[in-house]
Amino acid sequence: MFGLSPALTGAVVGLILGLASFFAIRFASRVIEANRAKGGAVMRQGVNSRVLRFAGWADLLFYPLAGYAIGYFFFTPAT
């Protein structure tokens, strides 16, 4: 019978959440860049945009790993 272990289920759910977060953060980064191109008043927007891009990639890595760990440690039955 085919089925995902709790750890792999957590990793898949984490991947879905990570992708959603990644695209939302990238969208926010593009909005900041567009505002900066228009001459926005917020200082150091270029730095903020780069930090958001890094956070997007970090989320894409962190959420699946965290989902795997949560599924493994909390939902895998003890043998």
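Author: Helices here are DSSP runs of H or I with at least four residues, strands are runs of E with at least two, and both are numbered from the N terminus. In those terms, Ser29 belongs to helix H1, which covers residues 6-37. The model is predicted, so local features need pLDDT of at least 70 and side-chain atom pairs count only at pLDDT 80 or more, while totals for chains, interfaces and linings use all residues. Residues are numbered from 1 along each chain as its sequence is written, and side-chain values use heavy atoms, with hydrogens and water left out.

Ser29 is buried, at a relative accessible area of 1%; buried means under 20%, exposed over 50% and partly exposed in between, with a 1.4 Å probe and protein chains only. Neighbours within four places in sequence aside, Ser29 is in contact (heavy atoms within 4.5 Å) with Ser49, Leu52 and Arg53.

Tyr63 lies in helix H2 and is partly exposed, at 31% relative accessibility. Residues up to four places away in sequence not counted, Tyr63 touches Gly14, Leu17, Gly18 and Ser21. From Tyr63 to Gly14 the C-alpha distance is 4.6 Å, although 49 residues separate them in sequence.

Now the rings. A pair of aromatic rings is described by the distance of the centres and the angle of the planes. Rings of Phe, Tyr and Trp (its six-membered ring) pair if their centres lie within 6.5 Å; planes under 30 degrees apart are stacked, over 60 edge-to-face, and the rest tilted. The structure has five such pairs. In one of them, Tyr68 and Tyr72 have ring centres 6.4 Å apart and planes at 5 degrees, so this pair is stacked. Tyr68 and Tyr72 are four residues apart in H2 (residues 45-75), which means that about one helical turn separates them. Tyr68 is partly exposed at 39%, and Tyr72 is partly exposed at 43%. Elsewhere, Phe22, Phe23 and Trp57 form one aromatic cluster.

H1 and H2 each supply at least two residues of the patch, and H2 gives the most, with six.
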